[in-house]
Amino acid sequence: MPSPSRRTVLATTTALGGAALAGGVPAQASAAEPGAADVPAGATEVRPSGDPWRAVLDDADLVWQRMPTTWYEGPYLGNGFLGSGIYADPAAPTKAVRFQVQHSEVQDHRPEFGSLFGLARLPIGYFTLEPVGTITALDWRLALRDAELTGTLTTDRGTLTLRALVHTSRSVLAVEVTPSAGERGFRWLFHPAEAISPRAAFKPLPGGYTGNPPAEVSTVDGTSVAVQPLLAGGQHVTAWRESTRGTRRTLYVNVAHSHPRTTARAEALRTVEGAALLPYDALAVTHRLWWRAFYRKSFLSLPDARMQRFYWIQLYKTASAARRDAPVMATSGPWLEPTPWPATWWNLNVQLEYWLIHGSNHLELDAVTRALSEFRDHLTEEMAPAYRADSLGIPRTTDARLINGGSTADDQGYGVGIPGEDPPTPEVGNLTWALHNVWLSYRHTMDESILRDVLFPLLRKAVAYYLHFLQPGPDGKLHLPATFSPEYGGNSRDCNYDLMLLTWGCRTLLESAELLGIEDESAPRWREVLARRTPYPTDANGFVIGADIPFAKSHRHYSHLLAVYPLYELTGRTPQETALIEKSLAHWVGFEGALQGYTFTGAASISALLGKGDDALRYLGQLMSRYIQANTMYKESGPVIETPLSAAQSLHDMVCQSWGDIIRVFPAVPAAWRDLVVHDFRTQGAFLLSAVREDGATRWVRLTSEAGAPCVVRHGVAGALDVRDSRGRRLRYEDAGEGAIRITLRKGESALITRAGDRPDLRIAPVLGEGTVARWGLPG
């Protein structure tokens, strides 16, 4: 029998400081954590051992003992709206520290200049913390559990002890500084940024485009305001106030945006003045409770310390950058820096940014479903007039309201592509791919309102757009005219990007109509597409871009492989299909030159689909060594955040997959990962999965049904099985083949799967990695 000693708590067993979790909501902490003695004999209740969340989170804290000099090195704080990246002021790195102040709602409103200039996100500015002396050392820690930066800044005149957070609900940046005697004269200065598209530093300005006028700075009853007027009407406003309590001085900052009205000034003043009434400690209480409850909605621990820390940092990063009611994440999240991409990107970035919310059980961050539903009328307006009656699409780039604006200026439009146009136009399938994210949200919750109110009506119109152009060829098959595959260049007939999305769309519409009891007049046409659609173009090297374009050069995007991942239309059901996937993957990553970080996250997830855990880990290792920065951010020619977040999804794909109505537990585990723990991992079918792997074998699996959906699980437990309910009673199950069983679970019921006669310890605890690994950040 595997030894339970392989699972070792990494840190103290003290209960969560100030709060425990009941049903995902902060509740009164108990005096002690429950242990095995609290569980009735034979029951299948899963309990934490000590405080596993505190153990993994404290272990994952980022630390800085050297001064960060860029956003890619420094701490970052955020709440989906307000964001702050922290690093040395480039103009005076030993004299000042920058606290960037940016906001995901702050943008321009001049659609005549396109989404990348006229609707671009606008920089706001930054504060400098300026000590009396010269900075000689620092010791900072970004505590994930509290979403708070703490530490000291040492100068030749003394020390500054600081604490900083962006409050989760008040949207206030609060920085408390306690100076030593020699540093009591330190100061804060605000530096408004020029309100011009960041793309101006990379591309020529469109004709007639100018930046907005300078910000107007004033003081109102002790509160400072920088009012940034916009040429299109409206304003964004930064308000700040410093309060002194004893030797502690706390800076409170808020940003507000309004268009076309000029109400942001009053809102920012009101928010800052209200927050400044509270000492830092009081403001931090509700902030910490939210974050501690957030993390406890799921749990993952693995024996690779650096990878485990990376994973928990991505959860922190996602909750700092995303909220359901916040704008869909732009390429750099709320932390706008100089970039050629100051917009929201829909041909890959958005999709990858939000994948990890499903398995990690954080649907409260799903801005994609909300935004596509809320702004669906804008999607109609983005279509060419001839197709607006029955079709929808989404441009490559949009603002927060899903508006592109269109433009005749060079490359500023990036509108919805029109099949068959020459010269090439942008992609056709971006909306269909984005709706796959909505489908994932439905499948992981089984919330019929998502299916009925958002997915079905929008997907119906996205597919209808394709159907305008799909025509039979001489071979009797249905073909698409030339369309654009993201980033490869050129248009191709029967482009795999579009054929694969169209196939998934028609199949999903038919399944959705059946579930909703809808007899749709277009259903016969959807069936015809599935029956007569031309095969996906391939050659001797696997999938190509399309019928006219082979895959013959380095290409970072897996647009030609979507049917494999993430659509799971082709999964290796036959040896021939497996061979096709394998040679396509090898050919794709075999070209160096244009590969980027998300090439390797895609390759890792495709390898995980094939059950090749060692290959998946190798690809993630290349990502870490070649692309991931000191603070786990990522850059190309500008800051982009989708790649690290998608790497977290690759880890999900290695430990659990649930496509095709089968839950696969530990389907692609590397040989080195002898021990694994997952808890309340959310799967398709709305199941919460807990499972433990010990000494290379799956010890136990527990599934709780939230929706009463059919339950088929490939559990990985060797030998004869016991399957029991939450009270320890045996449950009947059926053999579903290939190592899977079928269990009937009603809503709220659970099943524990173990080897027959085994009575494992069901307490959740972190696994223990081997060796000492440097923390993320800039340690030592």
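**Notes on a predicted protein chain**

1. **Phenylalanine 666.** Start in the loop between strand 30 (663-665) and strand 31 (676-683), where phenylalanine 666 sits. The model is predicted, so read each value here as computed from that prediction. Phenylalanine 666 has a phi near 50°. That value is positive, and the residue is not a glycine. Is phenylalanine 666 buried or exposed? Its relative accessibility is 9%, so it counts as buried. The cut-off for buried is under 20%.

2. **Glutamate 738.** Here is another positive phi in a residue other than glycine: glutamate 738, near 55°. Where does glutamate 738 lie? Look in the loop between strand 36 (733-737) and strand 37 (740-743). Glutamate 738 has 70% relative accessibility, so it counts as exposed. For that label the value must be over 50%.

3. **Two cis peptide bonds.** Most peptide bonds are trans. Check these two by eye. Histidine 259 and proline 260 are joined by a cis bond, with omega about 0°. Proline 260 is in the loop that runs between strand 17 (248-258) and helix 3 (264-276). The bond from tyrosine 565 to proline 566 is also cis, and its omega is near 15°. Find proline 566 in the loop between strand 26 (542-543) and helix 14 (575-589).

4. **The whole chain.** Now step back. How many helices and strands does the protein chain have? The count is 17 helices and 40 strands. The C-alpha trace spans about 75 × 70 × 45 Å along its principal axes. The radius of gyration is 27 Å. For 780 residues, a compact globule would have a value near 28 Å, so the chain agrees with that expectation.

5. **Inside and surface.** Of the 780 residues, 61% are buried. The chain exposes about 27,300 Å². Carbon and sulfur atoms supply 50% of that area.

6. **Contacts along the sequence.** Take the contacts between residues at least 6 apart in sequence. What share of them joins residues at least 24 apart? The figure is 68%.

7. **Valine 368, an example.** Valine 368 belongs to helix 8 (residues 367-374). Its relative accessible area is 1%, so valine 368 is buried. Which residues does valine 368 touch, leaving out those up to four places away in sequence? They are Val328, Val350, Tyr354, Ala434, Asn437 and Val438. Take alanine 434 from that list. Valine 368 and alanine 434 are 66 residues apart in sequence. In space, their C-alpha atoms are 7.8 Å apart.

8. **Two further pairs.** Alanine 293 is placed in helix 4 (residues 280-295). It is buried, at 7% relative accessible area. Arginine 145 is 148 residues from alanine 293 along the chain, and their C-alpha atoms are separated by 9.5 Å. Next, find threonine 219 in strand 14 (residues 216-220). Threonine 219 is exposed, with 56% relative accessible area. Threonine 219 and alanine 239 are 20 residues apart in sequence, and 9.2 Å apart from C-alpha to C-alpha.

9. **Cysteines.** A disulfide is a covalent bond between the sulfur atoms of two cysteines. How many disulfides are counted here? The count is zero. The rule asks for two cysteine sulfur atoms within 2.5 Å. Now test two cysteines. For cysteine 495, the closest cysteine sulfur is in cysteine 506, 16 Å away, so a bond is ruled out as too far. Cysteine 495 is buried, at 1% relative accessible area. For cysteine 711, the closest cysteine sulfur is in cysteine 656, and the 11 Å between the sulfurs is too far for a bond. Cysteine 711 has 1% relative accessibility, so it counts as buried.

10. **Charges.** How many positive and negative charges does the protein chain carry? It has 77 positive and 82 negative charges.

Key
Residues are numbered from 1 along each chain as its sequence is written. This is a predicted model: local features need pLDDT of at least 70, side-chain atom pairs count only at pLDDT 80 or more; totals for chains, interfaces and linings use all residues. Side-chain values use heavy atoms; hydrogens and water are left out. Helices (H or I, at least four residues) and strands (E, at least two) are DSSP runs, numbered from the N terminus. The radius of gyration is taken over C-alpha atoms; the globule rule is 2.2 Å times the number of residues to the power 0.38. Buried means under 20% relative accessible area, exposed over 50%, partly exposed in between (1.4 Å probe, protein chains only). Contact means heavy atoms within 4.5 Å. Accessible areas come from the Shrake-Rupley method with a 1.4 Å probe; for residues, only the protein chains shown count as cover. Lys and Arg count as positive and Asp and Glu as negative; His and the chain ends are not counted. The place of a charge is taken as NZ of Lys, CZ of Arg, CG of Asp or CD of Glu.
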